[in-house]
Amino acid sequence: MKFEGSQNYVATADLKLAVNAALSLKRPLLIKGEPGTGKTMLAEEVSAALDMPLLQWHIKSTTKAQQGLYEYDAVSRLRDSQLGDERVKDIHNYIVKGVLWQAFEADQPVTLLIDEIDKADIEFPNDLLREIDRMEFYVYETRQLIRAKHRPLVVITSNNEKDLPDAFLRRCFFHYIQFPDAGTMKSIVDVHFPGLRQELLAAALKSFYDVRNLPGLKKKPSTSEFLDWLKLLLAEEIPIEALRSKEDQIVIPPLVGALLKNEQDMSLFEKLIFMQKHHR
């Protein structure tokens, strides 16, 4: 099994290499990068390209590692016992299988996405170490050992909001998705907007990177925001002239609210334009 990219996802050579290294080493693939660089989409495209079902576990600040294995619904069991329900006699009826359990018992290898692991508590990655390493876990309530029939391809994404524990990092193959350069971004746009006028794309790319490269931005616009902005430019039939600046000056692009998402960045941009005008 080898990942060669897909029609819907522009994967760089080093990203393809990282996916295939994780497959060969049978280790989780840890993907870091700015939000909006296609980390989650990578798992979706890898699973489609390799014909592996995709299981997704989206992590929140309240998520506990145990939820990925299973949960024992003691409240329902207590309620059923008060109602005299026959189901109470079998504890299996109150065990809720988590995503890891589903991945372990699948009849074919699956892709398991653990999305935005850095949102959870710092202990979360450590709590999963043994299960992901040994591909097994014990259910104390039913005294079962659950072993993986097939080792899933585990893809873990992180937005770099928190440092992950060293012991966890040692067990992963790591890849950082660099922000696309103009050439790669052009390939990404070609996938989403085939047949886009090259003149418009060139002007939009220049305008986007002008905004993105402003020093001091709190939140740089991402790939997904650039694609949203392009969609708006086309929907509103914005003329190319509105994107172009005279004498290579930076201008406020139309619909800039699709790219800049907070007032500090908006005000920084406006100050820069103001200073430009007064330095001519």
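Biologist: Is Lys26 buried or exposed, and what is its relative accessible area?

Modeller: Residues count as buried under 20% relative accessible area, exposed over 50%, and partly exposed in between (1.4 Å probe, protein chains only). Lys26 is exposed, at 54%. This is a predicted model, in which local features need pLDDT of at least 70, side-chain atom pairs count only at pLDDT 80 or more, and totals for chains, interfaces and linings use all residues. Residues are numbered from 1 along each chain as its sequence is written, and side-chain values use heavy atoms, with hydrogens and water left out.

Biologist: Where does Lys26 lie?

Modeller: Helices (H or I, at least four residues) and strands (E, at least two) are DSSP runs, numbered from the N terminus. Lys26 sits in the loop between helix H1 (13–25) and strand E1 (29–32). Its phi is positive, near 55 degrees, and Lys26 is not a glycine.

Biologist: What is the phi of Asp51?

Modeller: Asp51, a residue other than glycine, has a positive phi of about 55 degrees. Asp51 belongs to the loop between helix H2 (39–49) and E2, and is exposed, with a relative accessible area of 62%.

Biologist: How many residues has the largest nonpolar core?

Modeller: A nonpolar core is a set of buried Ala, Val, Leu, Ile, Met, Phe, Trp, Tyr and Cys residues joined through side-chain atoms within 4.5 Å. The largest one has 32 residues, and Trp57 and Phe124 are among those with the most contacts inside it. Elements giving two or more residues to this core include strand E2 (54–58) and helix H5 (99–105). H5 supplies the largest share, five residues.

Biologist: Which residues are in contact with Trp57?

Modeller: Contact means heavy atoms within 4.5 Å. Leaving aside neighbours within four places in sequence, the contacts of Trp57 include Val99, Leu100, Ile114, Phe124 and Leu128.
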